[in-house]
Amino acid sequence: MRRRKAVKRQLTPDVKYNSELVARLISTIMERGKKSTAQRIVYGAFDVIGSKKKDMDPLEVFLQALENIKPKLEVKSRRVGGATYQVPIEVSNDRQVALALRWIKSYSQSRKGKSMQESLAMEILDAFENTGASVKKKEDTLKMAQANKAFAHYRW
């Protein structure tokens, strides 16, 4: 390691649900420092989820969807003697959440024809039901890691 590790800052929970994960989702959705717009998108998406799943709390749906998306393994490129190997590594819990939120955002943005609120809600609902693009991304990541299991001894 070249430098010292960056200090993790404590994140303040969001105002409506008092959850740090929702605050991280808002920060992930936010672009160009427009936090109020990101909050409006996320809370609007949670309202859509609440109307679709009347018997469940939108926060519970979101947390379950996040669990369904979090990758356990990923591959990292390692250069060994002129050749580059895709080495499977376990993913830390913090990175699992970061990747899951990033995938939810990117696949929500790629859904065309609907507002960001609706597409975010649909992506979270799809992830809750273990379908959708972000769950497929997790499965593809896992398949890639399993396919390169032979190079696991290059992990360091």
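A pocket is an open set of grid points with protein on both sides within 12 Å along at least five of seven lines, and its lining residues have an atom within 4 Å of a point. Keep this in mind as you explore this predicted model.

**Exercise 1.** Find out which residues line the second largest pocket, and which helix gives the most to this lining.

*Solution.* Begin with the space itself: the volume of the second largest pocket is about 170 Å³. Next, list its lining: I29, M30, E31, R32, K34, T37, A38, I41, Q109 and M116. Now look for the main contributor, which is helix α2 (residues 35-52), with three residues. Finally, sort the lining by class: five residues are nonpolar, two are polar and three are charged.

**Exercise 2.** Describe the lining of the largest pocket by class.

*Solution.* Here the space is about 330 Å³. Around it you will find K8, R9, Q10, L11, E20, L21, R24 and D94. Helix α1 (residues 20-29) supplies the largest share, three residues. Sorting the lining gives five charged, two nonpolar and one polar residue.

**Exercise 3.** Work out how α1 is oriented relative to helix α3 (residues 58-69), and which residues meet.

*Solution.* First take the geometry: the two helices pack at an angle of about 75°, and their axes are 11 Å apart. Angles of 65 to 115 degrees count as roughly perpendicular, so α1 is roughly perpendicular to α3. Then turn to the contact: from α1 come L21, V22 and L25, which meet L59, F62, L63 and L66 of α3. Sorted by class, this contact has seven nonpolar residues, with no polar and no charged ones.

How values were computed:
Residues are numbered from 1 along each chain as its sequence is written. This is a predicted model: local features need pLDDT of at least 70, side-chain atom pairs count only at pLDDT 80 or more; totals for chains, interfaces and linings use all residues. Side-chain values use heavy atoms; hydrogens and water are left out. On a 1 Å grid over the protein atoms alone, a cavity is a set of points where a 1.4 Å probe fits but cannot get out, and a pocket is an open set with protein on both sides within 12 Å along at least five of seven lines; lining residues have an atom within 4 Å of a point. Grid points are joined across faces, edges and corners, and a volume is the space filled by probe spheres set on the points. Helices (H or I, at least four residues) and strands (E, at least two) are DSSP runs, numbered from the N terminus. Ala, Val, Leu, Ile, Met, Phe, Trp, Tyr, Cys and Pro count as nonpolar, Asp, Glu, Lys and Arg as charged, and the others, Gly among them, as polar. Axes are lines fitted to C-alpha atoms, for helices over the stretch in contact, and angles run from 0 to 180 degrees between N-to-C directions. Angles under 35 degrees count as roughly parallel, over 145 as roughly antiparallel, 65 to 115 as roughly perpendicular and the rest as oblique. Contact means heavy atoms within 4.5 Å.
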